[in-house]
Every structure is written in C-alpha cells, then in structure tokens.
Amino acid sequence: MELSASETYTEALDYFHRDPEQSLMLAIRAGHDENIDCLGDHLMAQGAELSPEEETEDFFSKAVEGVSCTFGETATLLALEAGEAGALKECRAVLNDPELPASLKEDVRGRLMPRLQRHVDELERLRTAQAMESLMVQGA
C-alpha cells in the first residue's frame, strides 16, 4: 500500500505544476517513503525479503491518474485525500490483528497513522485554498 502511495504521488507531480501543490506532493511522497522504510524494517526483522522490482501500481494510482487527466486538480486532490483516508482506515484495521508484533503496532499508531492524518489534513487545506482562489478569480 505504501509503495503504491509513493508511486501515486510521483505520478501526481506530473499534474501539479506550481507551488504549493508541487511542494505538498513532494512532502507527502517523502512521508510515504518514510512509512516504507519503517514497515520494511519490521518486515526484515521478521525475516521477509523485500523486492524493489515489485509492481507498485494499483487500482488507486490508476484511478488518480484517470481523474487527473479527466477532471483536473480539484478532483485529483479529492482522490488523493480519499486514498490517504483509506490508508488510515487500513491502519486502524491492522491494529486489531492479534498476530501483529507489538512494536509494529506501536509504529503504526505512533508514526504511520499521524503522518497519514497530516496528509489528509494538508490535502484538504490545499483543496479548500484552491476553491477559495477560484471563487476570488471568478468574482473579480
């Protein structure tokens, strides 16, 4: 999920060409990269082997790409926000898994979830700012 999110924000950079949008896409992608590192550390501690060649594009990243091409920035921000909210929901569900190591639950609760919530909040603020800017331009 985090690999796909990082790739989605890499693709989103193609649709946002000015600040603060570009800066936010880069910052959120960096947050997902930090989540990847955190989860990768836990997986390796459990003996898993990580494959960087894995296909990371999923339905969500394809949907964001389609929305971007068809409906523009506002719809793209809504789609990205929905993806972050979905990831947050997944994290909450994972915390109920009794087989999940306590240290991983701690990182999910203390690092991943707060970061995802910040992403949701930042995307919502940007979307609201764009809507206000659009109203001001229309009213001018």
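The model is predicted, so local features need pLDDT of at least 70 and side-chain atom pairs count only at pLDDT 80 or more, while totals for chains, interfaces and linings use all residues. Residues are numbered from 1 along each chain as its sequence is written, and side-chain values use heavy atoms, with hydrogens and water left out.

**Stop 1: helix α2**

Select residues 21-45, which form helix α2; helices here are DSSP runs of H or I with at least four residues, numbered from the N terminus. The helix has 25 residues and reaches 36 Å from its first C-alpha to its last, close to the 36 Å expected at 1.5 Å a residue. That expected span is 1.5 Å times one less than the number of residues.

Buried residues of α2 include Leu24, Ile28, Gly31 and Cys38 (buried means under 20% relative accessible area, with a 1.4 Å probe and protein chains only). Among what covers the buried residues of α2 are α1 (2-12), α4 (73-94) and α5. Just after α2, Gly47 takes a positive phi of about 90 degrees.

**Stop 2: α2 against α5**

The axes of α2 and α5 come within 11 Å and cross at roughly 170 degrees. Axes are lines fitted to C-alpha atoms, for helices over the stretch in contact, and angles run from 0 to 180 degrees between N-to-C directions. The two helices, α2 and α5, are therefore roughly antiparallel to each other (angles over 145 degrees count as such).

**Stop 3: Arg115**

Arg115 counts as buried because its relative accessibility is 10%. Leaving aside residues up to four places away in sequence, Arg115 touches Gly31, Glu34 and Asn35 (contact means heavy atoms within 4.5 Å). Show the side chains of Arg115 and Glu34: they make a polar contact at 3.0 Å. A polar contact is a pair of N or O atoms within 3.5 Å; within protein, one must be able to donate a hydrogen and the other to accept it, and residues adjacent in sequence count only if both atoms are side-chain atoms.

**Stop 4: Lys105**

Move to Lys105, also placed in α5. Lys105 is buried, with a relative accessible area of 17%. The side chain of Lys105 reaches the backbone oxygen of Asp97 at 3.0 Å.

**Stop 5: Leu80**

Finish at Leu80 in helix α4. Its relative accessibility is 0%, so Leu80 counts as buried. Leu80 and Leu123 are 43 residues apart in sequence and 7.6 Å apart in space, C-alpha to C-alpha.

Terms used: Buried means under 20% relative accessible area, exposed over 50%, partly exposed in between (1.4 Å probe, protein chains only). Angles under 35 degrees count as roughly parallel, over 145 as roughly antiparallel, 65 to 115 as roughly perpendicular and the rest as oblique.
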